Amino acid sequence: MIPKGEEESMRLKKAIIPAAGLGQRMLPATRAIPKPMLPVVDRPALQYLVEEAMEAGIEEIAIVVGHQADVIRAHFAGEPRIWFIEQTDLKGTGHALLMARDFVGHEPFAVMLGDIVIDGTEGCLKQLLGVAERVKAPVLAVERLPEHLLCQHNAIQYSQTPDPQLIRCRQVIEKPQGPTPSNVVSIGRYLFPPELMAWLERVEPDGRGEIQLTDAINLLIEQETVYGYFYKGQRYDVGDRTEWLKAQIALACKHSDIRDELLPYVKQLLEHENLKQR
């Protein structure tokens, strides 16, 4: 991620947030509201990502928007650090990133998937930047999942490193429907060199006509070392109804004025359900 011979540490200033998806799993709410704009307690999910990026020192954010762009533009109106890029044809995450290639230019960049909110003492992106400063290479945020959930995520074939929090990625498999190489998956936070855009341009569309980011990552892996980092925090997929509700409760409990009323109410509900099942 750093040109050979350059002594200065990496200064990553740009992030891309793909946020143009249709939000099929959250219908009918997403007919009028973009999935990343669904509220989580007192702000849209997308705002959590913007705050995470800014905590990490990101100076410019490109949000790739679709047919509901006006809602996102209105919320972030007046924020000079945010750019909006239209994706009129929804052809996958890789295609969304290609829409931002002029924004990236020749600089390294972060990618934050728009429906993934991560709660932690330190933001996930800031953690990744710390790792990238140390290893001088691309880094993906990863976690371990139970076997029945692997088909919903991108599984990683990897080798161990001396650091138990760090693995070397050998291959990324897009939502495997059969046996998987491991129970480690990528979860929507990435740090890439500018060359990733060139690899994305070489990726052939899949059977659905989509350009998959995983294909470009695998091309990148063939050329240089790519690491996976077991981040510290709790991930919520706000495009999933159950995960979205979990995020509401967990993040609401971080507000003392809400927590003091919410927790007794949740306890009351659980006691009521237990009585009904007896």
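Mentor: Let's start at K175, which sits in the loop between strand 10 (166-173) and strand 11 (184-192). The phi of K175 is near 35°, a positive value in a residue other than glycine. K175 counts as partly exposed because its relative accessibility is 43%; buried means under 20% relative accessible area, exposed over 50%, and partly exposed in between, using a 1.4 Å probe and protein chains only.

Before we move on, remember that this is a predicted model, where local features need pLDDT of at least 70, side-chain atom pairs count only at pLDDT 80 or more, and totals for chains, interfaces and linings use all residues. Residues are numbered from 1 along each chain as its sequence is written, and side-chain values use heavy atoms, leaving out hydrogens and water.

V41 is not a glycine either, and its phi is about 65°. V41 lies in the loop between strand 2 and strand 3 (43-44), and at 27% relative accessibility it counts as partly exposed. Then there is G57, which follows helix 1 and has a positive phi near 90°. The peptide bond from L27 to P28 is cis, with omega near 5°.

Now hop over to A45. A45 and E174 are 129 residues apart in sequence, and their C-alpha atoms are 24 Å apart in space. A45 belongs to helix 1 and, with 0% relative accessibility, it counts as buried. Leaving out residues up to four places away in sequence, A45 touches P36, L38, V40, V117 and V238, where a contact means heavy atoms within 4.5 Å. Helix 1 spans residues 45-55, and its buried residues are A45, L46, Y48, L49, V50, E52 and A53. An α-helix has 3.6 residues a turn, so residues three or four places apart point the same way.

Strand 1 is worth a look too. Strand 1 pairs in the parallel sense with strand 4 (residues 60-65) over 5 bridges; two strands pair if DSSP finds at least two bridges between them. In that pairing, I17 stands opposite I63. Strand 1 also pairs in the parallel sense with strand 6 (residues 109-112), over 3 bridges, and there F109 is the bridge partner of K14.

Finally, zoom out. The chain has 9 helices and 13 strands, and 48% of its 278 residues count as buried. Of the chain's contacts with a separation of 6 or more, 71% come from residues 24 or more positions apart. Along the principal axes, the C-alpha atoms fill a box of roughly 65 × 45 × 40 Å.

Notes:
Helices (H or I, at least four residues) and strands (E, at least two) are DSSP runs, numbered from the N terminus.
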